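Here is a colleague's note to read beside the model. Keep the structure open and check each point as you go.

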Amino acid sequence: MRLGIFGGTFDPIHIGHLVVAQVAMEEAGLDRVVFVPAGVNPLKVGRQITEGHHRLQMVKLAIADNPKFAVSSWELDRSGPSFTVDLMSHIRAQHPNDELFLIIGADNLRLLPKWKSVEGILEQATILALNRPGEDLKSSCQMVLALYPHINECVRIVDMPGLDISSTWLRDRLCKNLSVKHLLPAEVIRYSEENKLYDYSVGQ
Ligand code: ATP
Ligand code: MG
């Protein structure tokens with residue numbers, strides 16, 4: 001099996017994420033894409049991230065109609081910060097005969113050298129990198145290939161039309177009571193409203 005792994009905060013999951021996963025799956029001939037919501041790093045300062053079980057539920061709702069998409073709560077079930085290299089080792093142990101692909105957007109590819117044990121990741125999976133507006137995907141790709149020349153074809157560019165959508169922008173719209181219709185699956189909008197996830201007026 002050719003298995004794609006797509007990590008993210010997914011706070012909330014949006015159509016940009018879904019298009020990335022679908023295009024990567026088609027272009028790289030993947031059999032399945034597993035979405036992995038990230039655990040909350042207790043050391044991280046700044047904005048409070050929505051509780052993991054809510055982010056997990058929103059991913060479940062968003063992918064429910066796609067039989068080739070799955071979700072894993074592995075990072076959420078662990079305490080403390082989680083690292084992609086550990087996730088890859090876990091998946092590799094579970095799927096010893098599968099070919100692994102790590103799906104990431106261009107902003108994450110640019111930051112890859114800062115990640116823990118990049119070589120450990122690249123030895124276990126091929127990176128599928130997708131365009132994101134405002135990012136120079138080609139030069140980030142060249143940078144990674146130059147840093148790790150001994151690991152053959154560790155990064156592959158997957159073309160997609162730039163979708164200038166982010167969870168940050170969506171949270172901002174929700175906060176201002178602007179519509180997010182068509183930008184998130186309808187079920188995700190309903191869930192976030194029912195649970196008042198992005199209702200910043202509460203308690204102020
Ligand atoms: P935030 O604004 O909170 O950082 P985000 O929209 O960047 O949210 P993440 O959960 O941080 O979403 O991203 C998960 C993965 O999806 C990352 O690899 C990111 O690069 C990628 N990604 C998210 N949105 C897009 C997009 N519109 N186009 C391409 N890649 C994207
Ligand atoms: Mg992001």
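**Notes on the fold**

1. Start with a pair of strands. Strand β4 and strand β5 (residues 126-130) run parallel and are joined by five bridges. Strands count as paired if DSSP finds at least two bridges between them. Within this pair, Ile103 stands opposite Leu128 of β5. Helices (H or I, at least four residues) and strands (E, at least two) are DSSP runs, numbered from the N terminus.

2. A word on the source. This is a predicted model: local features need pLDDT of at least 70, side-chain atom pairs count only at pLDDT 80 or more, and totals for chains, interfaces and linings use all residues. Residues are numbered from 1 along each chain as its sequence is written, while chains are lettered from A and ligands numbered from 1 in the order in which they are written.

3. A residue is buried if 20 or more other C-beta atoms lie within 10 Å of its own, exposed if 12 or fewer, and partly exposed in between; the C-beta atoms are placed from the backbone.

4. Strand β1 (residues 2-8) pairs with β4 in the parallel sense over four bridges. β1 also pairs with β2, again parallel, over six bridges. Leu3 links to both: its bridge partner in β4 is Leu100, and its bridge partner in β2 is Arg32. Strand β2 (residues 32-37) is mostly covered, with five of its six residues buried. Keep one rule in mind when you look at side chains. In a regular strand they alternate between the two faces of the sheet.

5. Step back to the whole chain. The protein chain has nine helices and six strands. Its C-alpha atoms fill a box of roughly 55 × 35 × 35 Å along the principal axes. For 204 residues, a compact globule would have a radius of gyration near 17 Å, and the chain agrees because it has 17 Å. That radius is taken over C-alpha atoms, and the globule rule is 2.2 Å times the number of residues to the power 0.38. Of the 204 residues, 35% count as buried.

6. Look at contacts along the sequence. Take contacts between residues at least 6 apart: 78% of them join residues at least 24 apart. Two residues are in contact if their C-beta atoms, placed from the backbone, lie within 7 Å.

7. Helix α1 deserves a look. It spans residues 15-27, has 13 residues, and reaches 18 Å from first C-alpha to last, close to the 18 Å expected at 1.5 Å a residue. The expected span is 1.5 Å times one less than the number of residues. Its buried residues include Leu18, Val20 and Met25. After α1 comes Gly29, with a positive phi near 60°. A cis peptide bond joins Asp11 and Pro12, with omega about 0°.

8. What surrounds ligand 1? The shell has 18 residues, the closest being Gly8, Gly16, Gly105, Ser167 and Thr168. A residue is near a molecule if its C-beta atom, placed from the backbone, lies within 6 Å of it. Helix α1 gives the most, with three residues. At least two residues each come from α1, β4, α5 (106-111) and α8 (167-175). The shell divides into six nonpolar, nine polar and three charged residues. Here Ala, Val, Leu, Ile, Met, Phe, Trp, Tyr, Cys and Pro count as nonpolar, Asp, Glu, Lys and Arg as charged, and the others, Gly among them, as polar.

9. Ser117 has a positive phi near 45° though it is not glycine. It lies in the loop between α5 and α6 (118-124). Ser117 is partly exposed because it has 14 C-beta neighbours inside 10 Å. Asn177, also not glycine, has a positive phi near 65°. Asn177 is in the loop between α8 and α9 (186-194). With 9 C-beta neighbours inside 10 Å, Asn177 counts as exposed.

10. Finish with Val155. Is it buried or exposed? Val155 has 22 C-beta neighbours inside 10 Å, so it counts as buried. It belongs to strand β6 (residues 155-158). Val155 touches Ile127, Ala129, Cys141, Val144 and Leu145, leaving out residues up to four places away in sequence.
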